[in-house]
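Visitor: I have a model open on my screen and would like to learn how to read it. Could you walk me through it?

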Amino acid sequence: MMGIGVCGYFIPRIADGILDDLEANAVSIALGDKRQVFVSVDATHVEKNIVLEVVRICKEKYGIPEGTVHINATHTHTAPFNNLADANPLTKQYSDMLVLKLVDAVKFAIDDEKPARLGFGKSYAPNIGFCR
């Protein structure tokens, strides 16, 4: 969305082009009648009012209980501000769209559930990360 403020630095930045698309990815894990849906969205953060609205709509439209949809941000510094209560009309418009896209991602993840096995392991990966 051209002209919208971009998060992540200490100076104002305005979107003037698109280098890479932003993504939201979701996976639904179910065991019997219990389900948890995990959503990852390219954003610096996701405002609480957006999370609450996604959860509300998922419950209203699809009967998905509260406490079973979990949303996290990748913490990219090249995504727009998001806040349903923002006074900036572009931020409000983007936030409204983001809510609907996240609700869609939840529904698609549930519809795409397939039998699977879940496991875990432990290994070491030296020199792969660091604290700044």
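Visitor: In which sense do strand 1 and strand 2 pair, and over how many bridges?

Guide: This is a predicted model, and in it strand 2, residues 34–41, pairs with strand 1 in the antiparallel sense over 8 bridges. For one spot to look at, find Ile29, which stands opposite Gln36 of strand 2.

Visitor: What is the order of the strands in the sheet?

Guide: The sheet is open, with 3 strands in the order 1-2-3 and mixed pairing. On average, neighbouring strands here are turned by 15° against each other, direction ignored.

Visitor: Which strands does helix 2 lie across?

Guide: Helix 2, residues 89–111, lies across strand 1, strand 2 and strand 3, and runs at about 135° to strand 2.

Visitor: Which residues form the nonpolar patch on the surface?

Guide: Val27, Ile29 and Phe38 do, and together they have about 250 Å² of accessible area. Phe38 belongs to strand 2.

Visitor: Why does Phe38 count as partly exposed?

Guide: Buried means under 20% relative accessible area and exposed means over 50%, with partly exposed in between. Phe38 has 40% relative accessibility, so it counts as partly exposed.

Visitor: And across the whole protein, what share of residues counts as buried?

Guide: Of its 132 residues, 30% count as buried. The accessible surface comes to about 9700 Å², and carbon and sulfur atoms hold 57% of that.

Notes: Residues are numbered from 1 along each chain as its sequence is written. This is a predicted model: local features need pLDDT of at least 70, side-chain atom pairs count only at pLDDT 80 or more; totals for chains, interfaces and linings use all residues. Side-chain values use heavy atoms; hydrogens and water are left out. Two strands pair if DSSP finds at least two bridges between them. Helices (H or I, at least four residues) and strands (E, at least two) are DSSP runs, numbered from the N terminus. Axes are lines fitted to C-alpha atoms, for helices over the stretch in contact, and angles run from 0 to 180 degrees between N-to-C directions. Contact means heavy atoms within 4.5 Å. Patches are made of residues with over 30% relative accessible area and no salt bridge: like charges are joined within 9 Å, nonpolar side chains (Val, Leu, Ile, Met, Phe, Trp, Tyr) within 5 Å. Accessible areas come from the Shrake-Rupley method with a 1.4 Å probe; for residues, only the protein chains shown count as cover. A salt bridge is a side-chain nitrogen of Lys or Arg within 4 Å of a carboxyl oxygen of Asp or Glu. Buried means under 20% relative accessible area, exposed over 50%, partly exposed in between (1.4 Å probe, protein chains only).
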